[in-house]
Amino acid sequence: MRAEAQSHVDRIKDALALLRRFLDWDRALRRLDELNARVEDQALWNDPKAAQEVMRERRRLDEAITATKAIQSELDDTVELIEMAEAEGDTEMETEGVEALAQLAVRAEHDKVQALLAGEADANDTYIEINSGAGGTESQDWAGMLQRMYTRWAERRGMKVELIDYHAGEQAGIKSATLLVKGENAYGFAKTESGVHRLVRISPYDSAARRHTSFSSVWVYPVIDDNIEVDYNESDLRIDTYRASGAGGQHINTTDSAVRITHIPTGIVVQCQNQRSQHKNKAEAYNQLRARLYELELQKREAVANAENATKTDIGWGHQIRSYVLQPYQLVKDLRTGVTSTAPGDVLDGALDPFMAAALSQRVTGEKVDVEDVD
């Protein structure tokens with residue numbers, strides 16, 4: 001089999017191996033049998049909420065198993081076709097087989113990522129909070145670039161983006177911003193982006209045209225619905241109001257309508273100023289607080305997520321997950337997975353899917369790539 005075909009086969013086999021590992025294949029097959037039996041039990045339908053949960057789990061598991069079996073079957077058939085074509089010297093049939101493998105490899109990658117989005121809150125909408133690090137205008141401009149990057153990523157995927165909170169930088173960019181991204185699997189994809197992001201470039205704000213390094217942090221947490229209970233004591237909250245401001249620092253109203261809530265035991269701070277009504281801003285801030293507390297609980301349950309989401313540390317050296325180098329060369333490198341791109345302009349325009357897919361896969365394999373930082 002020629003090298004091109006073997007490369008596609010290897011990609012497909014890697015995707016299938018990860019899918020089976022993620023599903024815990026034998027357990028998944030047994031679980032699907034159990035769920036099918038429950039669906040046939042009429043007693044289940046006396047509890048609509050329980051029935052809905054069972055049907056949701058059954059659908060996701062059935063889709064993942066069916067997709068995995070289909071890919072394996074098509075792989076076996078196509079490899080057999082190519083081997084037959086080689087034996088008979090039929091180059092046209094062989095070429096068709098290689099093209100079919102290429103298409104199957106793309107599908108296998110897509111199905112792999114979709115299957116990895118099976119976490120408790122992966123299907124939910126998500127908040128993306130961006131904070132500039134130390135460094136004044138440089139880091140604030142970088143934070144503004146990240147805000148645009150995630151907005152463009154969401155738009156590319158057909159998601160809707162709302163600006164929940166915004167604090168403009170002193171000269172450029174932002175000090176902080178919170179985006180609400182609404183769309184299928186928004187949290188599942190974006191959750192791997194939590195961490196410190198590092199930019200290296202020739203500063204447009206330095207008259208001597210020197211190279212600068214800037215840091216900003218990204219914190220991702222899911223929107224949760226009323227079916228998920230989050231307990232906290234009102235006495236543990238400090239609620240402050242302040243005057244909202246828009247981009248550039250202009251006041252957008254003359255009353256203290258913006259709301260900030262601090263959860264004292266954890267130090268979690270959330271804020272909202274996108275509505276003119278203090279009541280609506282307070283309600284949204286409470287939603288963010290519940291989401292943040294829920295995300296904190298997810299971290300406790302998922303040990304592998306702790307390192308990836310530990311952004312409540314210093315925004316600087318030693319904590320970054322990705323470097324974006326614009327000078328002296330063009331390179332974006334993820335320090336966790338080793339995935340790179342030589343087109344940082346595309347990445348900053350929202351081309352984040354390869355980085356997200358690799359990070360999702362790493363959560364399953366647990367394998368870490370030893371990657372040197374980029375100077």
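**Reading charged contacts in a predicted model**

Modeller: A search of the whole structure finds 22 salt bridges. A salt bridge is a side-chain nitrogen of Lys or Arg within 4 Å of a carboxyl oxygen of Asp or Glu. This is a predicted model, in which local features need pLDDT of at least 70 and side-chain atom pairs count only at pLDDT 80 or more, while totals for chains, interfaces and linings use all residues. Residues are numbered from 1 along each chain as its sequence is written, and side-chain values use heavy atoms, with hydrogens and water left out.

Colleague: Which residue forms a salt bridge with Arg 152?

Modeller: The partner is Asp 349, with the closest N and O atoms 3.0 Å apart. Asp 349 lies in the loop between helix H9 (344-348) and helix H10 (353-365), and Arg 152 in helix H5 (residues 137-156), so the pair ties together parts that are 197 residues apart in sequence. Helices (H or I, at least four residues) and strands (E, at least two) are DSSP runs, numbered from the N terminus.

Colleague: Is Asp 349 buried or exposed?

Modeller: Buried means under 20% relative accessible area, exposed over 50%, and partly exposed in between (1.4 Å probe, protein chains only). Asp 349 is buried, at 19%, whereas Arg 152 is partly exposed, at 24%.

Colleague: Which residues are linked with Arg 152 and Asp 349 in a network of salt bridges?

Modeller: The network also holds Arg 148, Glu 155 and Arg 156.

Colleague: What is the distance between the closest N and O atoms of Asp 353 and Arg 157?

Modeller: In that salt bridge they are 2.7 Å apart. Asp 353 is partly exposed, at 32% relative accessibility, and Arg 157 is partly exposed at 34%.
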